[in-house]
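Below are some short notes on the model, for comparison with your own reading.

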Amino acid sequence: ESAKLTLDPAFEVGPVERRLFGSFVEHMGRCVYTGVFEPGHESADDGGLRRDVIELAREMGVTAVRYPGGNFVSNYEWEDGVGPAPERPTRLDLAWRQIETNAFGLGEFMTWLGELRAEPVMAVNLGTRGVSAARDLLEYANYPGGTRWSDLRVKHGVREPYGIKVWCLGNEMDGPWQIGGKTADEYGRLAFETAKAMRRVDPSIELVACGSSNMRIPTFGSWEATVLEHCYDEVDYISAHSYYDPVAGDRATYLASAVEMEQQIQGVTATADHVAAKLGSRKRLKVSFDEWNVWSQSLFEGEGSLGWAHAPRIIEEEYDVAAAAVVGSLLITLLNHADRVGIACQAQLANVIAPIRTEPGGPAWRQTIFHPFALTAANARGRVLQVEATAPVMPTERYGEVPVLAAAATLDEGELSVFAVNRGETPLPLAIDLRGLPCPTGISHVTVADDDPAARNTERDPRRVEPRAVQGATIDGDRLNVVLPPISFNVVKAS
Ligand code: AHR
């Protein structure tokens, strides 16, 4: 059986939004400490930033980074992390029951981000704190000078304001696990008042309201509706989070995880548009899918199982080739919804459910899921085209029959990139019909696949799984023919 894609440059989804290639650095486990920051490491610069990790994050094409959490932010006092490092307090982090030294804070993060050449997506604490701390942080970060908090930044050696554009109003405030969690009405009011104050400090900012922390939480949909009735006019985005579990459910369901991401995007946008209709507003919100990834969450015993340690090893998931295919299909889904998803952050960047792994005092290496991210960030350019696909289907326990093919396409000045996942266990011949596109003269096909879908990259064997070129792609008039290996992520380029 084979699959077919029809592409026509007249039918497009919208521009490729660069913020879709975001990542996430939380003060959790070893993401910050011994991940991006490790003073004394042989690759660390004078500020303790690991250059090996910066190089890998650049290679990944990360464009935006959410910080400092996550659940961590809901009990974080940002003032602890600025100013002379020796004077910073050591605190208890209640989210992950960690010892937080505050050796890394806003200044270190912004320096690191400058090296990466990426944009911040900054979260404020609406768990244990509120309007006042958010206002002060924004004044510290974005106000030029001559006031209490902006002068403190200058005193800390940062003359120019950071000019941080995107701000998340809290994190997963619907979750019973969240320190300082809220009801939808409580949070909606707080988000409105915080947004109002923050916009008075800096009207140019973009604000993200917390949507549901996942689609299975019983308040999904009603949470977004209630929250947005309070703060619709004050915000620009509503967030979505989701983790796809390789352990829970059958393998076919897992490989079809992107079906659920699509349902979630549709559910969140429909709810936001419903509130717009009720309010008579013509404004449309975008989704900030600011936490997504594969995570064997069903194996996690919960925050209560953690002890008090600094930089403990928490959820250091090792990813296989199947995970790379799932991550690729999630990126494809984000691209196909680029008209409504404006920001997306893979959670997280280093060590904690992450594409980059490090060892303290040791090397850094690319996990399998690094590759679909890097290939998509590098090749998705210009405009996203609508894809008309026909493909064989496979049965799944959770979603019924699902096509074995997931695909997206972008076109940039005559250069076509097709991103395709074969979820099936057999090779999938794919014909790509290029209606209205000039006949290509050059074609290339790169895949992330392996004879063993459980193959992984490890410290000992860090290059076991890498993208490789596939021979045999053909051009037949205005039709491209390729064969997608079983359980694979692929990029086909034609120009
Ligand atoms: O990314 C790990 C955690 O997952 C985040 O802290 C939280 O927001 C989510 O539940």
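1. How far from an oxygen atom of the ligand does a polar side-chain atom of E26 lie? The distance is 2.6 Å in this predicted model.

2. An N or O atom in the side chain of E291 is 2.6 Å from a ligand oxygen atom. For Y243, a polar side-chain atom lies 2.8 Å from an oxygen atom of the ligand. The ligand on its own has 280 Å² of accessible area, and the protein covers 96% of that.

3. E26, Y243 and E291 belong to a shell of residues around the ligand that also contains F24, M28, G70, N71, W96, N171, E172, W295 and Q348. Sorted by class, this shell has five nonpolar, four polar and three charged residues. E26, E172 and E291 are among its members.

4. Where is the ligand placed? The ligand sits in the largest pocket.

5. On the fold as a whole, the protein chain has ten helices and 26 strands. Its C-alpha trace spans about 70 × 60 × 40 Å along the principal axes.

6. Which radius of gyration does the protein chain have, and does that value agree or disagree with a compact globule? The chain has 22 Å; a compact globule of 495 residues would have a radius of gyration near 23 Å, so the value agrees.

Note on methods: Residues numbered from 1 in each chain as written. Predicted model: local features only at pLDDT ≥ 70, side-chain atom pairs only at ≥ 80, totals over all residues. Heavy atoms only, no water. Near = heavy atom within 4 Å. Polar contact = N/O pair within 3.5 Å; in protein donor to acceptor, adjacent residues only side chain to side chain. Areas by Shrake-Rupley, 256 points an atom, 1.4 Å probe, with all protein chains shown as cover. 1 Å grid on protein atoms, 1.4 Å probe; cavity = no way out; pocket = protein on both sides within 12 Å on 5 of 7 lines; lining within 4 Å. Sits in = over half its atoms within 2 Å of the grid points. Nonpolar A, V, L, I, M, F, W, Y, C, P; charged D, E, K, R; others polar. Helix = DSSP H or I, 4+ residues; strand = E, 2+ residues; numbered from the N terminus. Rg over C-alpha atoms; globule rule 2.2 N^0.38 Å.
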